[in-house]
Amino acid sequence: MDATHLHLVLTHFPIIGTIIGVFILAYGYFFKNESITKVALITFVVMSILTIPVFLTGEEAAETVENIAGVSENIIEEHEELAEKAIWLMGFLGVLSLFSLWAMIKKMFFSRAITLITFVVSIATFALFAQVGNLGGQI
C-alpha cells in the first residue's frame, strides 16, 4: 500500500470519528455522564493523532492524481489549503480535549465550561473536515 492508498483509507477517520465524538460528547455533557464524556474526549485525542498520517500522505496523493485527465488542479489546491487549516484545528481539539479530560479528572471547578468549549470546537472541527472531505471527493 502506497501513500496515496493510505491517504484514501485514513481520510475518513477524522470526519467520521469527529462526528461520532460530537454526538457522544453531547450525550455525556447534557446528561452529566462523566464516563461518556471522557470517551468522547479520548475519541477526539485519537482522531487528532490519526489526522497526522492523513495529512502527511496528502502531498503524495496529490502528486499521484494531478496528472490524471479531468482532475482539477484548483480543487487540489483548495483541498490542500483547507486541509492545512483543518489539521491545526484538529490539533487544537486534541489538546483541548486532553485539557478537558485533565480538568474532569482533577475535579476542577471549570471542567464543565472547558468541556462545553471543547464541544463547540468539535462541531467546528467536524464542519471544517466535512468541507475538506467534500473537496477531496471532488478530486
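Angles under 35 degrees count as roughly parallel, over 145 as roughly antiparallel, 65 to 115 as roughly perpendicular, and the rest as oblique. The legends below describe close-up views of a predicted model.

**View 1. Helix 1 packs against helix 3 at an angle of about 125°.** Helix 1 covers residues 3–10, and helix 3 covers residues 34–65. Their axes lie 7 Å apart. Helix 1 brings Ala 3, Thr 4, Leu 6, His 7 and Leu 10 to the contact. Helix 3 brings Pro 53, Val 54, Thr 57, Gly 58, Glu 60, Ala 61 and Thr 64. By class, this contact holds 6 nonpolar residues, 5 polar and 1 charged.

**View 2. Helix 4 packs against helix 5 at an angle of about 160°.** Helix 4 runs through residues 73–105, and helix 5 through residues 111–138. The axes are 8 Å apart. The angle of about 160° is over 145, so helix 4 is roughly antiparallel to helix 5. Helix 4 crosses helix 5 in a left-handed sense. What classes of residue make up the contact of helix 4 with helix 5? There are 21 nonpolar, 11 polar and 2 charged residues.

**View 3. Helix 2 spans residues 12–30.** Helix 2 has 19 residues. After helix 2 comes Lys 32, with a positive phi near 50°.

**View 4. Helix 2 has buried residues that pack against other helices.** Which residues of helix 2 are buried? They are Pro 14, Ile 15, Gly 17, Thr 18, Gly 21, Val 22, Leu 25, Ala 26, Gly 28 and Tyr 29. An α-helix has 3.6 residues a turn, so residues three or four places apart point the same way. Against which helices do the buried residues of helix 2 pack? Their partners are helix 1, helix 3, helix 4 and helix 5.

**View 5. Val 9 sits in helix 1.** Is Val 9 buried, partly exposed or exposed? Its relative accessible area is 44%. That value lies between 20% and 50%, so Val 9 is partly exposed. Val 22, by contrast, is among the buried residues of helix 2. Val 9 and Val 22 are 13 residues apart in sequence. In space, their C-alpha atoms are 22 Å apart.

Conventions
Residues are numbered from 1 along each chain as its sequence is written. This is a predicted model: local features need pLDDT of at least 70, side-chain atom pairs count only at pLDDT 80 or more; totals for chains, interfaces and linings use all residues. Side-chain values use heavy atoms; hydrogens and water are left out. Axes are lines fitted to C-alpha atoms, for helices over the stretch in contact, and angles run from 0 to 180 degrees between N-to-C directions. Helices (H or I, at least four residues) and strands (E, at least two) are DSSP runs, numbered from the N terminus. Contact means heavy atoms within 4.5 Å. Ala, Val, Leu, Ile, Met, Phe, Trp, Tyr, Cys and Pro count as nonpolar, Asp, Glu, Lys and Arg as charged, and the others, Gly among them, as polar. A crossing is left-handed if the near helix is turned anticlockwise from the far one by less than a right angle, and right-handed if clockwise. The expected span of a helix is 1.5 Å times one less than its number of residues. Buried means under 20% relative accessible area, exposed over 50%, partly exposed in between (1.4 Å probe, protein chains only).
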